[in-house]
Amino acid sequence: MTYSTVRPHARRVLWLTAGAAALALAACSPPAAKKAEAPVPSAATPAAAPAADKFVMPKVPAGDYKLDPAHANLEFKVNHLGFSHYTARFSDFDAKLKFDPVNPSASSVEATIDPKSLTLPNPPAGFKDALTGKDWLDAAQYPAITFRSTKVEVTGANTAKVTGDFTLHGVTKPVVLDATFNGGYAGHPMDPHARIGFSAKGTFNRSEFGIGFGVPAPGTTMGVSDAVDVQIEAEFSGPPLPDAKAPAAPAQ
C-alpha cells in the first residue's frame with residue numbers, strides 16, 4: 001500500500017505517539033595535580049539508609065470493586081507513516097474487579113468498551129464515521145470490545161502480568177497487560193468506600209483481529225501500524241467502611 005492509495009481521512013488517522021531521538025553527553029575533567037587519597041571511613045560517619053524499594057500493601061479489603069469512570073482513562077496509539085504516533089481514546093467503558101490483596105493472583109477483571117465512543121483529536125468531517133465503519137472497528141456489526149482476565153501472574157511487589165481473552169471486531173485472542181498497583185485505602189468519611197488504583201499497558205496487532213486496512217507493506221512505514229499500544233489508568237471503588245458504631249439494641 002502506498003501513500004497515494006491511503007484515503008485522505010485515513011492519512012489523518014494515524015493511530016497511536018512518536019519515536020524519540022537519544023542525546024549523548026560526554027564530560028572531561030582536567031588532570032589532578034595530585035592523586036586524591038581515598039577517604040578513611042569514620043565511625044562518626046552515619047551509614048546510608050537502606051533504599052525504600054519494597055511496596056507496602058495498603059490495608060484495603062478483598063471483594064468486588066467497580067470502576068470509577070470519573071478517574072479512568074483508556075487510550076491507544078498507532079504509528080503514522082513512521083512520523084508520529086496517533087493517539088485517541090474511548091470515553092465509554094466499564095470494568096468490574098475482584099481483588100484479593102493477600103493473594104493478588106486470585107484477582108480477576110472484566111471490561112467492556114463501546115467502540116462508538118471513540119474520541120479523536122480535531123477530527124476532519126466524516127473521519128470518526130470512517131473509523132467506526134466497516135474498514136476499521138465496524139461498530140454497527142460489533143457493538144462491544146471486551147476483556148476478561150484468565151490469569152494474573154505477580155511479577156513484583158506491586159506489579160503483575162494480566163492475561164485475558166480480548167474480543168475485538170468479533171475475534172477473540174489472548175492479550176497480556178502489564179499492570180501496576182498504585183495503592184489505595186479502606187475509605188474515609190468523605191469517601192466511605194475502599195478505593196484502589198492501577199496503571200496498565202499492552203500491545204496487540206490489529207490485523208490479528210481482522211482490522212488490516214492501511215497496514216504498511218513489509219519493510220515500509222507507509223500507512224498505519226499494525227501494532228496498537230494501549231494505556232490504561234483506572235481507579236476502583238470497593239466495599240464500604242465498616243460501621244464504627246454498634247447498632248442500638250432494640251427497645252424491650
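Two strands count as paired if DSSP finds at least two bridges between them. Strands here are DSSP runs of E, at least two residues, and helices are runs of H or I, at least four, all numbered from the N terminus. This is a predicted model, so local features need pLDDT of at least 70, side-chain atom pairs need 80 or more, and totals for chains, interfaces and linings use all residues. Residues are numbered from 1 along each chain as its sequence is written, and side-chain values use heavy atoms, without hydrogens or water.

Start with strand S9, residues 193-205. S9 runs antiparallel to S8, residues 171-185, with 7 bridges. Thr180 has Ser199 in S9 as its bridge partner. On to S10, residues 227-240: S9 pairs with S10 over 12 bridges, also antiparallel. There, Thr203 stands opposite Asp229.

Now the core. Which residues touch the most other members of the largest nonpolar core? Ile196 and Phe236, out of 45 residues. Such a core is a set of buried Ala, Val, Leu, Ile, Met, Phe, Trp, Tyr and Cys residues joined through side-chain atoms within 4.5 Å. Buried means under 20% relative accessible area, exposed over 50%, partly exposed in between, with a 1.4 Å probe and protein chains only.

Last, the rings. Rings of Phe, Tyr and Trp (its six-membered ring) pair if their centres lie within 6.5 Å; planes under 30 degrees apart are stacked, over 60 edge-to-face, the rest tilted. The structure holds 12 aromatic pairs. Trp136 and Phe213 pair edge-to-face, 5.2 Å centre to centre, 75° between the planes. Trp136 counts as buried because its relative accessibility is 2%. Phe213, at 21%, counts as partly exposed.
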